[in-house]
Amino acid sequence: MTYDEFMSIIAESDVRDWIYDDSDGRYVYKNDIAITMQRDREDQTDFEEEWVERFIHHPTATRQMVYLRYMGTTIDIFHTASVDEARMNIPYPPT
């Protein structure tokens with residue numbers, strides 16, 4: 001599998017394509033269980049940006065990293081803002 005194929009699978013997937021385990025913050029792709037996403041619950045630094053305050057009911061957010069993995073190897077890391085009391089992770093907008 002190439003990097004582009006890996007990223008395309010994730011980008012084109014639907015929420016129903018994933019199994020989520022809340023106990024450890026891990027998502028497993030149903031069509032290829034070698035593809036996983038892992039939320040880093042250890043690093044929850046306060047995140048303050050104007051765009052976050054405009055779109056959520058709870059005007060606080062924390063930084064949370066999401067590790068994209070294939071067969072246990074980290075392929076990419078997404079920086080996200082965990083918002084609405086950790087109900088949603090929004091990737092940082094492009095700079």
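The model is predicted: local features need pLDDT of at least 70, side-chain atom pairs count only at pLDDT 80 or more, and totals for chains, interfaces and linings use all residues. Residues are numbered from 1 along each chain as its sequence is written, and side-chain values use heavy atoms, with hydrogens and water left out.

**Whole chain.** Select the protein chain and display its secondary structure: there are two helices and seven strands. Helices (H or I, at least four residues) and strands (E, at least two) are DSSP runs, numbered from the N terminus. Along the sequence, the order is α-β-β-β-β-α-β-β-β.

Next, show the surface. The protein chain exposes about 6,600 Å², of which carbon and sulfur atoms supply 51%; the areas come from the Shrake-Rupley method with a 1.4 Å probe, and for residues only the protein chains shown count as cover. Of the 95 residues, 31% count as buried, where buried means under 20% relative accessible area, exposed over 50%, and partly exposed in between (1.4 Å probe, protein chains only). Among contacts (heavy atoms within 4.5 Å) between residues at least 6 apart in sequence, 36% join residues at least 24 apart.

**Confidence.** Colour the chain by pLDDT, the predictor's confidence in each residue, from 0 to 100. The mean for the protein chain is 84, and 80% of its residues reach 70 or more.

**Aromatic pairs.** Rings of Phe, Tyr and Trp (its six-membered ring) pair if their centres lie within 6.5 Å; planes under 30 degrees apart count as stacked, over 60 as edge-to-face and the rest as tilted. The count comes to three aromatic pairs.

Select phenylalanine 6 and tyrosine 70, which form an edge-to-face pair at 6.3 Å centre to centre, with 75 degrees between the planes. Phenylalanine 6 lies in helix H1 (residues 3-12) and tyrosine 70 in strand S5 (residues 61-70), so the pair ties together parts that are 64 residues apart in sequence. Phenylalanine 6 is buried, at 2% relative accessible area, whereas tyrosine 70 is partly exposed at 24% relative accessibility.

Move to tryptophan 18 and tyrosine 29, a tilted pair at 5.1 Å centre to centre and 55 degrees between the planes. Tryptophan 18 in strand S1 (residues 18-21) and tyrosine 29 in strand S2 (residues 26-29) are eleven residues apart. Tryptophan 18 counts as buried at 11% relative accessibility, and tyrosine 29 counts as buried at 10%.
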